[in-house]
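Have the viewer ready and follow along.

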Amino acid sequence: MDRAAELEARARAALPPPVYEYFRQGSADEVSAAEAVAAWRGFRFLPHVLRDVSNVSVETRLLGRAFATPVGIAPTALQRHAHPAGEREMAAGAAAAGSLLCVSGNAGAPYEEIATAGAPWWAQLYILADRSLSAALLRRAVDAGATAVVLTADTPVVGTKRNAGQSVWDITPQGFAHVNEDRGSAPAWALEKAVDLSEEAIGWVRQETGLPVVVKGVLRADDAVRVVAAGADAVWVSNHGGRQLDRSVTTAQALGPVAAAVGDRAEVYVDGGVRDGRDVLTALALGARAVFLGRPALWALTCGGATGVHDLVCALTEELLEAMCLAGCRGLAELTCDLLTVVKHSRIDE
């Protein structure tokens, strides 16, 4: 059993069944969720030889800030079900690994407490139907030290999940989510996700915060070009872990065309199905500047708290370093698409 599968098995044994199911599941028939991991394995490497790899670096810069690794932590909700300290513990693990943390807009820990861990962090945002609520959330994130906003664009409505048994929301205490929002007596309609968003939202977020804006949930090259033209500093290729529109393409399939369309006009990131350092190498060669971990980080948090998160990020980073040495690449700038070829007639659902 590989490390990722072992972590998941241990987490499954430790978590209440509705929590494990919530973390694991995709939407509808879970086609996209099921294809994610194998899609990265559909590529093969064309390594260089006779290159001096005595000094190989995996350090990178994301939106102008230096990081020890291109492996970051994606936003995920209900982390206090995985560990009592939730996002605070996740942040501590990311900080120890020299990594970047993206904090869910539905977080169960106050931004101010998350920030004390010392990890650079970005704030994820779902724009609500009542934008004043989202504006207040953004102000709190800025005041607490967020250095970018990740505008999640693939969720005008929440994709249907099929629960065989009890829902996670039946066992979720108050305070495990939405603690950074001042919902007060807001009517139900105000708390729905906005369905009328356009490129204008990018400028609105920048005006409210003064921070760089990352648009998450992009799978199409033409959409990537459009959001960059509207002012996005980075494009995050994601299908929401297969939790939104089922049968969407995998991020491994979408990344190359998006990165080629964006070029050097904005940074490109990716999540979805990344489980080891060779997956990271593939993603970087396809044009990603950074790779973000979703479910694996939740399993690591469940099994080992901050130490587990640190160890997961460091393990993938070490595997990336080894893969780069074997591919004859001394820095991330040398990871280009000519390192890859596609396996013909491979099945991504095997």
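## Aromatic rings

Tyr 20, Tyr 22, Phe 23, Trp 169 and Trp 299 are linked into a cluster by ring pairs (rings of Phe, Tyr and Trp, the last by its six-membered ring, pair if their centres lie within 6.5 Å; planes under 30 degrees apart are stacked, over 60 edge-to-face, and the rest tilted). A word on where this comes from: it's a predicted model, where local features need pLDDT of at least 70, side-chain atom pairs count only at pLDDT 80 or more, and totals for chains, interfaces and linings use all residues. Residues are numbered from 1 along each chain as its sequence is written, and side-chain values use heavy atoms, with hydrogens and water left out.

Search the whole structure and you get ten aromatic pairs. Among them is Trp 122 with Phe 292, a tilted pair at 6.2 Å centre to centre with 45° between the planes. Trp 122 sits in strand β6 (residues 121-125) and Phe 292 in strand β11 (residues 290-293), so this pair ties together parts that are 170 residues apart in sequence (strands are DSSP runs of E, at least two residues, and helices runs of H or I, at least four, numbered from the N terminus). Trp 122 counts as buried at 2% relative accessibility, and so does Phe 292 at 1% (buried is under 20% relative accessible area, exposed over 50%, partly exposed in between, with a 1.4 Å probe and protein chains only).

## Arg 295, buried without a salt bridge

Now go to helix α12, where you'll find Arg 295. Arg 295 is buried but has no salt bridge (a side-chain nitrogen of Lys or Arg within 4 Å of a carboxyl oxygen of Asp or Glu). The nearest side chain of opposite charge, Glu 8, is 7.0 Å away (Lys and Arg count as positive, Asp and Glu as negative; His and the chain ends aren't counted).

What does the side chain of Arg 295 reach at 3.0 Å? That's the backbone oxygen of Phe 23, a residue that also belongs to the ring cluster.

## Two positive phi values

Glu 30 isn't a glycine, yet its phi is positive, near 60°. Glu 30 lies in the loop between α2 (17-24) and α3 (31-40) and is buried, with a relative accessible area of 19%.

Leu 50 also has a positive phi, about 55°, without being a glycine. Look for Leu 50 in the loop between β1 (43-45) and β2 (60-62); Leu 50 is exposed, with a relative accessible area of 90%.

Technical notes
Polar contact = N/O pair within 3.5 Å; in protein donor to acceptor, adjacent residues only side chain to side chain.
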